[in-house]
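Reader: I'm new to this one and would like a close look at a single spot. Could you start there and then walk me outwards through the rest?

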Amino acid sequence: MASSSTTALSLCSVLLVCFLLLPALFLGSNGQPLAMTYHRGVLLTGQIPVNLVFYGKFTASQRAVLSDFVDSLSPLPGQKDRLEPSVGTWWNTLRVYYAASKTPPPRLALGRQIVDESYSLGKSLRDADLAALAARGGAALSVVLTAADVAVERFCMSRCGSHRPSASGSGRIVYIWVGDSSAQCPGQCAWPFHQPMYGPQTPPLVAPNGDVGADGMVINLASMLAGAATNPFGDGFYQGPSEAPLEAATACSGVYAKGAYPGYPGDLLVDPATGASFNAYGARGRKFLVPALFDPSTSTCSTLV
């Protein structure tokens, strides 16, 4: 079974060379759009609690940004204060992936929040450590979030986050890891809220929640959640080779709104009060930036704005 870790293009949104290669990545050898192929594996569905494991020192504000984002994914029906375009609408875009199996996308509900500020496994983590931390969550879907001063294997070299099936148990448990890149590689993993490490040095956008690290983590968490839902065990939906798959969000790396082109995220909404850029409203009046999702029915990137 192929690995469901999806990290190969997580940095492409800021590396100029990847921007230049993106058109080729969407095309097969015949010059036609590369298909988002369903490999007949299980997709996540049903009511799924998401437990958050905060590893290292996060401020209360940072934890609130990330937990509010998860809480925004599946709003309660008839919620009166819901504004559009919303994180919930973005998540429901995945329905096109579920049409063949006649099952809806999972409804994700914020579960427990576990805080480990003592760095119980140290400040340099390997994949096995991430799996151990995820096991503390004890949910069908656990998210490990590492603080800015925590080094993680291959972080900033080839990935900003990852999702994998559990290495133990039934194999039907998935965990996600996303790191705060603000002190290590914001130009790679927090663009467009930081100047890119490579390419034209365009001014960064204002982060919607005032925190480059947390807002950058939201982008990568959103990408990993979309991949975990549609390719949880490595045999769901993906483009290209199984060892370096392009998934629902990573197939549209660097695209956030209409008009996007290499080095430009697209024509985003702007908060007139703060000047912050965003494309989705969330819980408790939050604003977020979420990636475009690849539409397998049209072989194009679908954006909220």
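Which is Tyr119, buried or exposed, and what is its relative accessible area?

Author: Tyr119 is buried, because its relative accessible area is 12% and buried means under 20% (over 50% is exposed, anything in between is partly exposed, with a 1.4 Å probe and protein chains only). Before going on, keep in mind that this is a predicted model, in which local features need pLDDT of at least 70, side-chain atom pairs count only at pLDDT 80 or more, and totals for chains, interfaces and linings use all residues. Residues are numbered from 1 along each chain as its sequence is written, and side-chain values use heavy atoms, leaving out hydrogens and water.

Back to Tyr119: look for it in the loop between β3 (107–116) and β4 (124–125). Most residues other than glycine have a negative phi, and most peptide bonds are trans.

Arg154 is another non-glycine residue with a positive phi, about 70°. Arg154 sits in the loop between β6 and β7, and at 27% relative accessibility it counts as partly exposed. As for cis peptide bonds, one joins Glu84 and Pro85, with omega about 0°; Pro85 lies in the loop between α2 and α3 (87–92). Another cis bond runs from Trp191 to Pro192, with omega near 15°, and Pro192 is in the loop between α6 and α7.

Now step back to the whole chain. There are 7 helices and 15 strands, and of the 305 residues, 51% count as buried. The chain exposes about 12400 Å², with carbon and sulfur atoms supplying 58% of that (areas come from the Shrake-Rupley method with a 1.4 Å probe, and for residues only the protein chains shown count as cover). A contact means heavy atoms within 4.5 Å. Among contacts with a separation of 6 or more, 72% are between residues 24 or more positions apart.

Val144, in strand β5 (residues 141–146), is buried at 0% relative accessibility. Setting aside residues up to four places away in sequence, Val144 touches Val53, Leu130, Leu133, Ala134, Ile176, Trp177 and Val178. Then there's Phe58, in the loop between β2 (47–55) and α2, buried at 5% relative accessibility. Phe58 and Asp180 are 122 residues apart in sequence, yet 9.6 Å apart in space, C-alpha to C-alpha. Beyond its neighbours within four places in sequence, Phe58 is in contact with residues including Glu117, Leu145 and Met217.

Met217 brings us to a helix pair, as it is one of the α7 residues that meet α2. Helix α2 (residues 60–72) and helix α7 (residues 212–230) pack at about 30°, with their axes 10 Å apart. That makes α2 roughly parallel to α7. On the α2 side, Gln62, Val65, Leu66, Phe69 and Val70 take part. The axes are lines fitted to C-alpha atoms over the stretch in contact, and angles between N-to-C directions run from 0 to 180 degrees; under 35 is roughly parallel, over 145 roughly antiparallel, 65 to 115 roughly perpendicular and the rest oblique.

Finally, the sulfur links: there are 3 disulfides, a disulfide being a pair of cysteine sulfur atoms within 2.5 Å. Cys156 and Cys185 form one, with their sulfurs 2.0 Å apart. That pair links distant parts of the chain, 29 residues apart: Cys156 in the loop between β6 (151–152) and β7 (161–165), Cys185 in the loop between β8 (174–179) and α6 (186–189). Both Cys156 and Cys185 are buried. Cys160 and Cys189 form another, at 2.1 Å, joining the loop between β6 and β7 to helix α6. Cys252 and Cys301 are bonded as well, their sulfurs 2.1 Å apart. Cys252 lies in the loop between β9 (237–238) and β10 (269–270) and Cys301 in strand β15 (residues 300–302), so this pair ties together parts 49 residues apart in sequence. Cys252 is buried at 1% relative accessibility, while Cys301 is partly exposed at 28%.

Notes: Helix = DSSP H or I, 4+ residues; strand = E, 2+ residues; numbered from the N terminus.
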